[in-house]
Amino acid sequence: MKKFDIRKLKIKPVSIDQIDDRMLLINLYATQAITLVIGFIWLFFQHRNPFLLFVLPEGLPFLYFGAGLAAAVLAIDLLSARFVPDAANDDGGVNDRIFKRRAIWHVVVLSLIVSICEETLFRGAIQHQFGPYWTSIIFATIHVRYLKHWIPTGLVFAISYALGWIYIQTDTLWAPILAHFLIDMIMGFVIRFRREE
C-alpha cells in the first residue's frame, strides 16, 4: 500500500465557475454543518446549553425587530445596487450560482439553514464572548468573497452589528435568525427571478 505524503499535497485556488452545482451545494451544506458544530462546541465550553437559545420567547417584539431590520437592510441593499457600480458590489458570482437556478423551496431551505447555523455561532456563541463589534469583524472576514470591495464588506459588518444589537435588545436568538433568514431569502428570490440583461 502506498504511503500518503503530506508534502505532495497541493492547494490551488478554484474559481466559482470551476465548481459544478452538486459540489457547490455539498460545500455550502458542509460549511453550515461545521459552523453549527463549532457553535455548539463553543457554547459547551462556555457552560451554556445551546438548546436554550432556541426557546421561543413570549410576546412579539422579536418579530418586529427581526422583520424591521430585514426591511431596513433590504432597502439599503436595493439602493446600493441602484447607485453603486456592479463592479464595486461583485462577490465573484457566488450568490448568483447559489440562488439563480434553485427551486423556490430550496431558496427557503438554504436561507433557513444558513440563518440558524450562522446565528448560533456568531450571535449565540462568539458575541457572548467578544461582544457585537469583534463578532462583526469576524463575521465580515469569513464572508471572504466580499473582502475585495469595501462597500459590501462594510455592509456585511454593519448588518452583523445590527444583528448583534437586536439580539441584545430582544434577548432571543430568534430575532437575528428571523432577520438573517428574511434577508437571505428575499435577496435569493431577487437573484432567482431577476431577468437576464
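**Entry 1, the arginine 194 pair.** I am working from a predicted model, and I began with arginine 194, which comes out as partly exposed, because its relative accessible area is 40% and therefore falls between the limits of 20% and 50%. I then looked for its partner and found that its side chain meets that of aspartate 96 in a salt bridge, at 2.7 Å from N to O. Arginine 194 sits in the segment after α6 and aspartate 96 in helix α3, so this contact ties together parts of the chain that are 98 residues apart in sequence. Aspartate 96 is also partly exposed, with a relative accessible area of 36%.

How many salt bridges does the structure hold? I count three, and I went through the remaining pairs in turn.

Arginine 102 forms a salt bridge with aspartate 21, and the closest N and O atoms are 2.8 Å apart. This pair, too, links distant parts of the chain, since arginine 102 is in the loop between α3 (94–99) and α4 while aspartate 21 is in helix α1 (residues 21–45), 81 residues apart. I noted that arginine 102 is buried at 5% relative accessible area, whereas aspartate 21 is partly exposed at 35%.

Arginine 123 and glutamate 119 meet through their side chains at 2.6 Å, N to O. Here I found both residues in helix α4, four residues apart, which is about one turn of the helix. Are they buried or exposed? Arginine 123 is buried, with a relative accessible area of 0%, and glutamate 119 is likewise buried at 0%.

The crossing of α4 and α6 is right-handed.

Lastly I looked up a nonpolar surface patch of about 730 Å², made by Phe130, Tyr133, Trp134, Ile138, Ile142, Tyr161 and Trp165. The elements that give two or more residues to this patch are α4 (104–142) and α5 (150–170), and the largest share, five residues, comes from α4. I checked one of the members, phenylalanine 130, which lies in helix α4 and counts as partly exposed at 43% relative accessibility.

How values were computed. Residues numbered from 1 in each chain as written. Predicted model: local features only at pLDDT ≥ 70, side-chain atom pairs only at ≥ 80, totals over all residues. Heavy atoms only, no water. Patch = residues over 30% accessible without salt bridge, like charges linked within 9 Å, V, L, I, M, F, W, Y side chains within 5 Å. Areas by Shrake-Rupley, 256 points an atom, 1.4 Å probe, with all protein chains shown as cover. Salt bridge = Lys/Arg side-chain N within 4 Å of Asp/Glu carboxyl O. Buried < 20%, exposed > 50% of the residue type's maximum accessible area, 1.4 Å probe, protein only. Left-handed = near helix turned anticlockwise from the far one by under 90°.
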